[in-house]
Amino acid sequence: MAAATRQREPSDAYDLLIIGGGINGTGIARDAAGRGLSVLLAERGDLAGFTSSSSTKLIHGGLRYLEYYEFRLVREALAERERLLRLAPHVIWPLRFVLPHDEGLRPAWMLRLGLFLYDHLARLRTLPGSHGVDLRGSAYGAPLQQRLKRGFVYSDCWVEDSRLVVLNAMDARERGATVLTRTGVVSARREGDGWVATLRDERGGIERTIRAKAVVNAAGPWVSETLGGTLGINSRAAVRLIKGSHIVVKRLFEGDQAYILQQPDKRIIFAIPYERDFTLIGTTDVPYDGEPGPVSISPDETDYLCGCINRSFDTKITPADVVWSYSGVRPLYDDAAENASAVTRDYVLNVEDRSGKAAVLSVFGGKITTYRRLAEHALEKLKPYFPHLKRAWTGDAVLPGGAMKDADFDQFLAKLRAEKPFLPEETARRLARAYGTRARDIVGTAQSMADLGEAFDGGLTAAEVDYLRTEEWAVTADDILWRRSKLGLRTGAESAARLAAYLDRKAEAA
């Protein structure tokens, strides 16, 4: 069924206008729609177009945040880590991390104490705890330099970050929200007991006016600009922009484990298995004062990340080994910390109104792990303006595609492969990971790969592309190759051009 038929028909009056289609905007839209509010979410680009697709792709408590005494944030994040693992087992899965002890940096007792706290701050315990390891006699130590003799192993989770955003948007739509991508909020003003906003379709230039009782400013790096410019509100709350960059190289080590590497500057860097054949390395933390739009890694950042790997791994890398890189600007709440790495990753929700009406809630900071709780807290703050708001509900509600028996991904994958034995093993796994139970909506009644239509690189087919167009707001080849998937790593120029042409033909026929 086409996306447009599954959401509320466009209207001119809503309870809530949400500006921004990242993880916080879509999470709040989902929660609000499920509580009975009429919601319009406007995103001027693609869903997860910027910060929410540029993370280190971890659902984690934030082990290093313990050094800054952010115990509340870590406790909340650890609880959310295991909850989200149950609610989205297709796009979130457990990952074991190896933390080598590096002489001259944090002492072993400090690492052991931090991991003890990390294990015990969470009330929910479904992931294995931490333990020490002799790296000299373990496969964990095989890719590391011989000077690294001892270490620790602990648990966190991986997440397909941009897919998590899309799943929240889909669920919001299925609960009645209107989700408009490529739609900017040009201006908004208070009028009477609510807001009047002008929206513009960024593709056709058509403008429309809507009304809303309240506004949520989840514009990410543009949160201050939106508050002061689009909404015309002066506020003391401020955002601090930090650029984080990652590089991807050919696979550096065997095994499913990831590594967390201490650095002499007290930062930590992750090296994580990525898309089967690659290793993801990051992230940097660089103060940023430019425009918060598309950003790219600097040569200095690339050199830094290569140097971090070369300090610990036997295999040496240079900038020439980088097959892909990405960068994002994180909109952290400005807590006046001098060190960019020490700026709080906690979130601040700022509400401003006029005589108890026409409220605007702005989201400062936050991390992908705690997006669901952030949404709950946002709705708590908005409850005075919506006294009939229903109770919180997202803590036990699976995301689209996540309704697997016992949240068992391997069991679901085996069943899918038995149902559709013609699917190549890697294609079946990729579809199951990306779409969960909704992979069946793509494969449908097909009995062969040919039944799925035109084939593109990486196992992508016309059937999947059509699903992404109608169900997941995909418009361009980049939407599909880099945000709905990471097939861009496996797609040649000829296939990408054919995909773009296919999308153009579909758009013209619509």
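Predicted model: local features only at pLDDT ≥ 70, side-chain atom pairs only at ≥ 80, totals over all residues.
**Notes on helix packing and buried spots**

1. Numbering starts from 1 along each chain as its sequence is written, and side-chain values use heavy atoms, with hydrogens and water left out.

2. Staying with helix 6, you'll find it at residues 299–312 (helices are DSSP runs of H or I with at least four residues, strands are runs of E with at least two, and both are numbered from the N terminus). Its 14 residues reach 21 Å from first C-alpha to last, close to the 20 Å expected at 1.5 Å a residue (the expected span is 1.5 Å times one less than the number of residues).

3. Which residues of helix 6 are buried? They are Glu 301, Thr 302, Leu 305, Cys 306, Cys 308, Ile 309 and Ser 312. Look down the axis of helix 6 and these buried residues fall within an arc of 150°, so they line one face (the arc is taken from the directions from the helix axis to the C-beta atoms). The cover over them includes strand 11 (239–250), strand 12 (258–262) and strand 16 (322–333), where contact means heavy atoms within 4.5 Å.

4. Helix 5 (residues 223–230) is worth a look too: its buried residues are Val 223, Thr 226, Leu 227 and Thr 230. They sit within an arc of 115° seen down the axis of helix 5, so they line one face of that helix. Among the elements covering them are strand 1 (13–19), strand 8 (183–191) and strand 10 (207–217). Just after helix 5, check out Gly 232, which takes a positive phi of about 65°.

5. Now for a helix pair. The axes of helix 2 (residues 71–87) and helix 7 (residues 371–382) come within 9 Å and cross at roughly 110° (axes are lines fitted to C-alpha atoms over the stretch in contact, and angles run from 0 to 180 degrees between N-to-C directions). The two are therefore roughly perpendicular (65 to 115 degrees; under 35 is roughly parallel, over 145 roughly antiparallel, the rest oblique). Glu 76, Glu 80, Arg 83 and Leu 84 in helix 2 meet Tyr 371, Arg 372, Arg 373 and His 377 in helix 7. By class, that contact has two nonpolar, one polar and five charged residues (nonpolar: Ala, Val, Leu, Ile, Met, Phe, Trp, Tyr, Cys and Pro; charged: Asp, Glu, Lys and Arg; polar: the others, Gly among them).

6. How do helix 9 and helix 11 sit relative to each other, parallel or perpendicular? Helix 9 (residues 425–435) and helix 11 (residues 462–471) pack at about 10°, axes 13 Å apart, and are therefore roughly parallel. Arg 430, Leu 431 and Tyr 435 in helix 9 meet Glu 464, Tyr 467 and Leu 468 in helix 11. This contact has four nonpolar, no polar and two charged residues.

7. Finally, two single residues. Leu 135, in the loop between strand 5 (131–134) and strand 6 (150–159), counts as buried at 3% relative accessibility. Ile 18 lies in strand 1 and is buried at 0%. Leaving out residues up to four places away in sequence, Ile 18 touches residues including Gly 25, Ile 28 and Val 216.

Technical notes
Buried < 20%, exposed > 50% of the residue type's maximum accessible area, 1.4 Å probe, protein only.
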